[in-house]
Amino acid sequence: MVRTRIIWATAALMTATLGVAAIPAQAAPAAAARTATVCATGWGSIAKTYSAGTMESVRNARTGQHTCYDRLVIDVPGATAAQLGYTVQYVTRLYQDGSGRYIPVAGGAILEVRVTAPAYDPDTGTPTYPARAGQPLPGVNITGYRTFRDTRYAGSFEGDTQLGLGVRARLPFRVLPLDGRLVIDVAHSWTATR
């Protein structure tokens, strides 16, 4: 009888030990899910330029939030990626082309975005993008974004459209010309993880 109790006690102790040992193995995937997301690095913060031009018109600007960056998209339907010229660079202040008017942009740093496409119909001069100089981009709400702080329309002058993008700080960014749109991504941080 004593021997049977010892066997049962040993079996119960082994079962409990094996059960406890199995818990960390099951908890490990949950802990792994909480690890940091690795984000692309190497974009840098120096000016990015591509010389080209199109007479297709800017029609819209929109933004989006992603795991590692905030995104600005400028829609230029009908333009190919090769036709979308641009200059995107950090500036200390945003000045409107043509007039030289200062346009305040909130944030720790200002990205000036120029796309070589008019925001008007080249034949008639009729605006194709309903923005007003010095005002936030219409239809764009950046509340709650990690990087973006402000958006401003500077104007469209001699076939170039100029925007100001206020960001939290001088952060790395990339520019992607795609068919029908120009994409600007600004990283949430300089590090490789989120």
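The exercises below concern the strands and sheets of one predicted model.

Residues are numbered from 1 along each chain as its sequence is written. In this predicted model, local features need pLDDT of at least 70 and side-chain atom pairs count only at pLDDT 80 or more, while totals for chains, interfaces and linings use all residues; side-chain values use heavy atoms, with hydrogens and water left out.

**Exercise 1.** State the strand order of the open sheet of 5 strands, and name its edge strands.

Solution. 
Step 1. Write the order: E1-E4-E7-E9-E8, with antiparallel pairing.
Step 2. Find the edges: strand E1 (48-50) and strand E8 (148-157) each pair on one side only.

**Exercise 2.** Describe how E7 pairs with strand E4 and with strand E9.

Solution. 
Step 1. Take strand E4 (residues 86-91): E4 and E7 are antiparallel and share 6 bridges.
Step 2. Locate two residue pairs here. Glutamine 89 is opposite glutamate 112 in E7, and valine 91 has isoleucine 110 of E7 as its bridge partner.
Step 3. Turn to strand E9 (residues 160-167), which is joined to E7 by 7 bridges and is also antiparallel to E7.
Step 4. Locate a pair here too: alanine 109 lies opposite valine 167 in E9.

**Exercise 3.** Are the residues of strand E7 buried or exposed?

Solution. 
Step 1. Set the cut-offs: buried means under 20% relative accessible area, exposed over 50%, and partly exposed in between (1.4 Å probe, protein chains only).
Step 2. Count along strand E7 (residues 109-115): 7 of its 7 residues are buried.

**Exercise 4.** Describe the open sheet of 4 strands.

Solution. 
Step 1. Its order is E2-E3-E11-E10, and the pairing is antiparallel.
Step 2. The edge strands are E2 (60-65) and E10 (173-178), each pairing on one side only.
Step 3. The twist averages 15 degrees from one strand to the next.
Step 4. Strand E3 (residues 69-75) is joined to strand E11 (residues 181-187) by 7 bridges. Tyrosine 69 has alanine 187 in E11 as its bridge partner.

Conventions:
Two strands pair if DSSP finds at least two bridges between them. Helices (H or I, at least four residues) and strands (E, at least two) are DSSP runs, numbered from the N terminus. Axes are lines fitted to C-alpha atoms, for helices over the stretch in contact, and angles run from 0 to 180 degrees between N-to-C directions.
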